[in-house]
Amino acid sequence: MRSLGALPKSVLILEAIGMVMLVLAWLSLKDYVALPAPFASPMAGLIMIFVGILLMLPAAVALFRGMAQTIAPQLMQRNDKPTSPDQEKRNDADH
């Protein structure tokens with residue numbers, strides 16, 4: 001069992017790439033760094049911001065899912081057992 005903060009390596013790599021992209025976009029838009037021509041425009045900076053955020057979303061989803069499993073494990077369990085018709089009748093409000 002993984003601990004609460006443990007994320008898969010692929011998710012961590014995606015998050016790191018997203019952070020680097022956000023930092024590069026910010027530095028480029030503030031004119032601290034000169035990027036090559038296709039990446040130097042304000043529109044490219046905006047696209048890099050959105051791509052950076054999208055790359056960071058899997059880590060956020062994985063963390064929220066891990067917290068949900070820790071806080072309320074019953075919500076995350078699937079109940080694949082078929083219910084019998086008698087059990088449905090017992091739980092019916094019209095009986």
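I began with W26, which is partly exposed, with a relative accessible area of 48%. I then looked up where W26 sits, and found this residue in helix α1. Before going further I noted for myself that the model is predicted.

**Entry on the surface patch.** I asked which residues form a nonpolar patch on the surface together with W26. The patch is made of V20, L24, W26, Y32 and V33, and the accessible area of these residues together is about 500 Å². For Y32 I looked up the exposure separately, and the relative accessible area of 59% makes this residue exposed, whereas W26, at 48%, falls into the partly exposed class.

**Entry on A59.** I turned to helix α2, which covers residues 42–71 and contains A59. Is A59 buried or exposed? A59 has a relative accessibility of 2%, so I recorded this residue as buried. Setting aside the neighbours within four places in sequence, I listed the contacts of A59 as L7, V11 and E15. I also checked A59 against L12: these two residues are 47 apart in sequence, yet their C-alpha atoms are 6.9 Å apart in space.

**Entry on the whole protein.** I counted 4 helices and 0 strands, and reading from the N terminus the order of elements is α-α-α-α. Of the 95 residues, 15% count as buried. I looked up the accessible surface as well, which comes to about 7,800 Å², with 67% of that belonging to carbon and sulfur atoms. Among contacts between residues at least 6 apart in sequence, I noted that 58% join residues at least 24 apart.

**Entry on confidence.** Which elements have the lowest and the highest mean pLDDT? The lowest mean, 61, belongs to helix α4 (residues 85–90), and the highest, 93, belongs to helix α1 (residues 9–29).

Notes:
Residues are numbered from 1 along each chain as its sequence is written. This is a predicted model: local features need pLDDT of at least 70, side-chain atom pairs count only at pLDDT 80 or more; totals for chains, interfaces and linings use all residues. Side-chain values use heavy atoms; hydrogens and water are left out. Buried means under 20% relative accessible area, exposed over 50%, partly exposed in between (1.4 Å probe, protein chains only). Helices (H or I, at least four residues) and strands (E, at least two) are DSSP runs, numbered from the N terminus. Contact means heavy atoms within 4.5 Å. pLDDT is the predictor's confidence in each residue, from 0 to 100. Accessible areas come from the Shrake-Rupley method with a 1.4 Å probe; for residues, only the protein chains shown count as cover. Patches are made of residues with over 30% relative accessible area and no salt bridge: like charges are joined within 9 Å, nonpolar side chains (Val, Leu, Ile, Met, Phe, Trp, Tyr) within 5 Å. A salt bridge is a side-chain nitrogen of Lys or Arg within 4 Å of a carboxyl oxygen of Asp or Glu.
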